[in-house]
Amino acid sequence: MSIKTKFLSTAIGSMPFDTIEYAIDISLSTLDAPIWPQLSYFGLNEQMEIQYSEGMPRIMIDREKKRMYFDTSGDYSEELASFYESYLAAMDPDSGNGDCSALAISADFSRGIFALEKRLNTLNRKLPWLKVQTTGPCSFALTIVDENKRAIYYNEEFRDVVVKALAMKCRWQIQKFRPFAEQMICFIDEPILSAFGSSTYVSVTREMWLPF
């Protein structure tokens with residue numbers, strides 16, 4: 001018996017491969033909504049949160065200890081002002097130009113994005129669907145800490161930065177790949193949402209989550 005489904009196949013993003021071209025082949029040949037592959041094999045820069053950290057003020061990457069954190073010590077007013085200028089230039093509902101490239105993900109932090117873009121440029125046709133992905137702000141902010149190892153979620157200033165920065169990264173990806181697909185999917189990866197209400201995050205209230 002033949003069963004015709006109405007579902008489309010896609011993937012979460014992460015792939016276990018050590019060859020970029022092979023990952024692209026798998027994405028394009030097996031998925032109805034292909035993805036750009038996130039390849040953690042290639043090191044720290046392609047880990048789930050670090051991959052989306054470029055452009056956030058006061059981000060520090062300790063490569064020796066293989067960790068990332070926000071340095072919230074001292075005066076960071078100029079860095080925050082510069083970030084918000086970039087955000088408003090792109091996202092202001094009245095005067096923003098919509099260009100989110102100030103928060104772009106570079107090739108140093110994602111081989112997959114640029115390898116997929118290069119391959120799509122050779123197809124000379126649009127795909128029906130294409131999917132991009134970004135670590136969600138709740139998972140990012142509750143995983144990444146400050147210099148005192150306190151989750152940056154509990155710092156209201158930097159929590160707002162995380163939300164706005166990741167929103168721009170979503171839009172930048174959509175802008176980059178829109179020419180290659182009839183329909184775009186942008187997936188917000190929020191694994192920590194499954195723990196909401198647990199004893200681990202007892203201090204995180206519903207009211208605190210709603211703005212996300």
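**Reading a predicted model**

Q: In which helix does Lys164 lie?
A: Helices (H or I, at least four residues) and strands (E, at least two) are DSSP runs, numbered from the N terminus. Lys164 lies in helix α5. This is a predicted model, in which local features need pLDDT of at least 70, side-chain atom pairs count only at pLDDT 80 or more, and totals for chains, interfaces and linings use all residues. Residues are numbered from 1 along each chain as its sequence is written, and side-chain values use heavy atoms, with hydrogens and water left out.

Q: Is Lys164 buried or exposed?
A: Buried means under 20% relative accessible area, exposed over 50%, and partly exposed in between (1.4 Å probe, protein chains only). Lys164 has a relative accessible area of 19%, so Lys164 is buried.

Q: With which residues is Lys164 in contact, leaving aside neighbours within four places in sequence?
A: Contact means heavy atoms within 4.5 Å. With those neighbours left aside, Lys164 is in contact with Phe83, Tyr84 and Tyr87.

Q: Which residues touch the most other members of the largest nonpolar core?
A: A nonpolar core is a set of buried Ala, Val, Leu, Ile, Met, Phe, Trp, Tyr and Cys residues joined through side-chain atoms within 4.5 Å. The largest one has 53 residues, of which Met56, Phe70, Leu130, Phe140, Val162 and Phe177 touch the most other members. Helix α5 gives the most to this core, with nine residues.

Q: What is the order of the strands in the open sheet of three strands?
A: Two strands pair if DSSP finds at least two bridges between them. The order is β1-β2-β4, with mixed pairing. The edge strands, each pairing on one side only, are β1 (59-62) and β4 (145-146). Strands β2 and β4 run parallel and are joined by two bridges; Tyr69 has Val145 in β4 as its bridge partner.
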